[in-house]
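Colleague: Please bring up the model, and let us go through its local features one by one.

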Amino acid sequence: MSGEPTPRDPSAGGRPWLAWPLKFTLCLTTLCPLDCQPCYADCARHRGQGELDAATWLRLLDELADSGVINVFVEGGEPLARPDCELILAHAARRMFTTLRTHAVMIDQPAARRLARLGLGRAYVDLFGPDAATHDALAGVPGAFDRAVAGVANLRAAGIPVSILTILCAPNAPSLARMGPLALALGADELGVLRLYPLGRARREWASLALSLAAQHAALEALFAAMPKGLRLMHSWHPNDANCCWQNAAIDPYGHAIGCPYLREFVDYGDLARMRWEETWAHPLYRRLRAGNVPVHCADCAASQLTAGGCRATAYAFHRRWDAPDPYCERMNEGVDLCVLPD
């Protein structure tokens, strides 16, 4: 059964060991109508050469469902920019709880009603700021904020639960505290604040986007103080510094198993055009990361997250070691300047 812990693998180091992942992320495409500065997928206005076709995605979804996976998270790029996205979402939703990460700029009322009918469980909508000036500057397209807000309204009118996501970076840090009231006003029940990852376009724009750890915490403290009642807050800073490799799996747009979207530039566990995904789940590096054996770790983060050491993608990006501590945790930072990327 999916999510069933088993004691048979000693490399788990006493931490949870799952027979199958709790959540599977489909990175459906690099196609996107926006030009977001914090983009970690290097998205463009055209599909990447070699992206999986719909028939292959449907086959993979059947394999996942047959093996016991119960939760599918679909992201991009902008998944809805693919004309076959709704076909893929509908196929997933028949057998698994299915959620969508979207910029919402393509969600008019008919689209929202179709997403509701096909059984979409939740939409995660990216907003880079609480106003058009902040959001549009980071999204790279004028009018993107107003279209996204309209998309959220359409989703809520169709009865689809909405979480608002924002990537904390230098341009939006001064206005982060306003994101909670905005999310509540839009009818969302959750606000997620995500860290900036040194991947893709975000890596190239790092000098203008990155914040010191102290500046990140200052922005978060202002947000905490302004959070309205009735709105959940999700974030991944101490003591919620998650090492989630133990429960997640992901496939990139070209069919390669990458474990997590934030590991896309660092790992390749296998080509799913040539092998079943269960074989990639057994990849030695994947097993090592799922074990969560990180010598230097924060006890408070480990207590709340079940595994130690924080995010493996960020740790590897800054240290180039898989057993390194995550520098986004104030207790594991070890003097790392998050504004400066290693060569």
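Modeller: This is a predicted model.

Colleague: Not counting residues up to four places away in sequence, which residues does Asp 252 touch?

Modeller: Asp 252 sits in the loop between strand S8 (248-251) and helix H10 (277-281). Leaving out residues up to four places away in sequence, Asp 252 touches Cys 27, Trp 57 and Ile 258.

Colleague: Asp 252 is buried, so which side chain of opposite charge is nearest, and how far away is it?

Modeller: A salt bridge needs a side-chain nitrogen of Lys or Arg within 4 Å of a carboxyl oxygen. Asp 252 has no salt bridge. The nearest side chain of opposite charge is Arg 264, at 6.8 Å.

Colleague: Which backbone nitrogen lies 2.8 Å from a polar atom of the Asp 252 side chain?

Modeller: Two backbone nitrogens come up here. That of Gly 255 lies 3.0 Å from a polar atom of the Asp 252 side chain. The one at 2.8 Å belongs to Tyr 254.

Colleague: Which residue of S2 stands opposite Cys 27?

Modeller: S1 also pairs with strand S2 (residues 71-75), in the parallel sense over 4 bridges. Opposite Cys 27 stands Glu 75.

Colleague: Is the β-α-β unit made by S1, H1 and S2 right-handed or left-handed?

Modeller: Helix H1 spans residues 54-67. S1 and S2 are parallel. Together with H1 they make a β-α-β unit that is right-handed.

Colleague: On to the backbone. What is omega for the peptide bond that joins Gly 76 and Gly 77?

Modeller: Most peptide bonds are trans. Gly 77 is in the loop between S2 and helix H2 (85-93). The bond joining Gly 76 and Gly 77 is cis, with omega about 5°.

Colleague: Where is Pro 239 found?

Modeller: The peptide bond from His 238 to Pro 239 is cis, with omega near 5°. Pro 239 is found in the loop between strand S7 (232-235) and S8.

Colleague: What is the phi of Asp 42?

Modeller: Most residues other than glycine have a negative phi. Asp 42 is found in the loop between S1 and H1. At 37% relative accessibility, Asp 42 counts as partly exposed. Its phi is positive, at about 55°.

Colleague: And what relative accessibility does Arg 320 have?

Modeller: Arg 320 lies in the segment after helix H13 (312-319). Phi of Arg 320 is positive, near 55°. Arg 320 counts as partly exposed, because its relative accessibility is 41%.

Colleague: Is Thr 30 buried or exposed?

Modeller: Thr 30 lies in the loop between S1 and H1. Beyond four places in sequence, it touches residues including Asp 42, Gly 77 and Tyr 254. The cut-off for buried is under 20% relative accessible area. At 9% relative accessibility, Thr 30 counts as buried.

Colleague: Which residue caps the N-terminal end of H4?

Modeller: Helix H4 covers residues 132-139. A side-chain oxygen of the capping residue lies 3.4 Å from the backbone nitrogen of Ala 133. The cap is Asp 131.

Colleague: Which elements are included in what covers the buried residues of H4?

Modeller: The buried residues of H4 are Thr 134, His 135, Asp 136, Leu 138 and Ala 139. Just after H4, Gly 140 takes a positive phi of about 80°. The cover over the buried residues includes strand S4 (122-126), helix H5 (144-157) and helix H8 (206-209).

Colleague: Last one. What separates the C-alpha atoms of Trp 237 and Gly 310?

Modeller: Trp 237 lies in the loop between S7 and S8. At 1% relative accessibility, Trp 237 counts as buried. Beyond four places in sequence, its contacts include Leu 168, Arg 195 and Tyr 328. Trp 237 and Gly 310 are 73 residues apart along the chain, and their C-alpha atoms are separated by 9.2 Å.

Technical notes. Residues numbered from 1 in each chain as written. Predicted model: local features only at pLDDT ≥ 70, side-chain atom pairs only at ≥ 80, totals over all residues. Heavy atoms only, no water. Helix = DSSP H or I, 4+ residues; strand = E, 2+ residues; numbered from the N terminus. Buried < 20%, exposed > 50% of the residue type's maximum accessible area, 1.4 Å probe, protein only. Lys, Arg positive; Asp, Glu negative; His and termini not counted. Polar contact = N/O pair within 3.5 Å; in protein donor to acceptor, adjacent residues only side chain to side chain. Contact = heavy atoms within 4.5 Å. Pairing = 2+ DSSP bridges. Right-handed = clockwise from strand over helix to strand, strands pointing away.
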